[in-house]
Amino acid sequence: MPNRRYEVARYGDQYLMRTSNAKRIMLLEELLRSIALQGYSFTTVTPRTHERFLLGFDGLAKNARDVFGWNLPFNAAVLPPLIFTLMTEADLLFNGGDCFRSKIRISSLGEDLFLHSYFPTNDADAVFFGPDTYRFARFVQHSLRLFQSRSSFAHRSIPVRVLDVGCGSGAGGIAAIRALPTHQLYELNLNDLNSTALDYARICANVAGIPINALPGDFFNIRGLEFDLIVSNPPYLSDPAGRLYRDGGSHLGLALSLRIAKHALGLLAPGGHFLLYTGMAITSDDNNPLLSELLPSLASDKFQWSYEEIDPDIFGEELEQPYYKKANRIAAVGLTVTRIK
């Protein structure tokens, strides 16, 4: 990839950073709609695979997938004029002099498109989308199909109250709505500490034609509400940089998942379901730190639960870090809890 320096694009003497957030959201939504009309799709790979692709690439983007998927530098002429204008007005361009680079990326999941941050995702408020997002969405949709086959979540005459905790791009919540029966009424609530993530999720949902209720801020401050379905894919890695989308806190990144699970159980309506997709560092085959911590809460006759190891070995490169020296592997796991009374 050409080695270029990028600066914030300017119009006249004014930085476009002054663009109001409301206007920026409107422009982003119009941009995403315009790109969807182009028939755009892109499957996002792991950061390591993305790095490998960039090392073997020397040139400029040839199409929208290169611009918004691989995040390559590009000339303005490679995009339709309307899309380039929207990116300029929404302050979505790094200016490299003779070329530009997008500040956002766009990935597809089924029929929907999702906004996320440019590569690499090093900013503290970066919004991540990757193979983990696809695994999470499959876990949610597979679980909902099972619930519906057992008639425990079949068509209801009242709205299903759905909450996506730490929604990021909104993929989990939108995947859940897509898995509901066609005429099922619903209420989708999206929560995130990261205001950028919540903006992106709201835009993606609007373009998908799915109305949402935004619950910004700390999930642990949500009290006095009940939900029929709570889904979450929280950060679960140890991250010394403390990035919101990545850092799961102590216990080798598991602490946040444990807190979310315990709080979510208190928000479940009778008959409601909680779906937790997370990652867990395995230090011994004889110990499951997630279940060891949650079993006292799950052992009552109030809940039924199941657990599965979805992928036994993810983010293997993280094991090279000194703080993972006691871990044998990192597994993607899914916990399903139903409140039965």
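Guide: Two strands pair if DSSP finds at least two bridges between them. Strands (E, at least two residues) and helices (H or I, at least four residues) are DSSP runs, numbered from the N terminus. The model is predicted, and local features need pLDDT of at least 70, side-chain atom pairs count only at pLDDT 80 or more, and totals for chains, interfaces and linings use all residues. Residues are numbered from 1 along each chain as its sequence is written, and side-chain values use heavy atoms, with hydrogens and water left out.

Visitor: What makes strand β13 and β14 a pair?

Guide: Eight bridges join β13 (residues 303-311) to β14 in the antiparallel sense, and the rule asks for at least two. Within this pairing, tyrosine 307 stands opposite leucine 335 of β14.

Visitor: How do you know that strand β12 pairs with β14?

Guide: Strand β12 (residues 268-282) runs antiparallel to β14, with 10 bridges between them. Leucine 276 is placed opposite leucine 335 in β14, and glycine 279 has alanine 332 of β14 as its bridge partner.

Visitor: Which strands form the open sheet, and in what order?

Guide: Seven strands form it, in the order β10-β9-β8-β11-β12-β14-β13, with mixed pairing. β10 (212-216) and β13 are the edge strands, since each pairs on one side only. Neighbouring strands are turned by 20° against each other on average, direction ignored; axes here are lines fitted to C-alpha atoms, for helices over the stretch in contact, and angles run from 0 to 180 degrees between N-to-C directions. Helix α9 (residues 255-265) packs on the sheet and touches β8 (160-165), β11 (227-232), β12, β13 and β14, its direction making about 175° with that of β12. Contact means heavy atoms within 4.5 Å.

Visitor: Why is strand β14 called largely enclosed?

Guide: Buried means under 20% relative accessible area, exposed over 50%, and partly exposed in between (1.4 Å probe, protein chains only). Of the 11 residues of β14 (residues 329-339), 10 are buried, so the strand is largely enclosed by the rest of the structure.

Visitor: How many cavities of 30 Å³ or more are counted?

Guide: The count comes to one. On a 1 Å grid over the protein atoms alone, a cavity is a set of points where a 1.4 Å probe fits but cannot get out, and a pocket is an open set with protein on both sides within 12 Å along at least five of seven lines; lining residues have an atom within 4 Å of a point. Grid points are joined across faces, edges and corners, and a volume is the space filled by probe spheres set on the points. The largest cavity has a volume of about 70 Å³, and its lining includes His50, Arg105 and Phe128. α2 (47-55) and β7 (112-117) are the elements that give two or more residues to this lining.

Visitor: What is the volume of the largest pocket, and which residues are closest to its centre?

Guide: The largest pocket has a volume of about 1100 Å³. Of its 50 lining residues, Phe128, Pro235, Leu244, Tyr245 and Arg246 are the closest to the centre.
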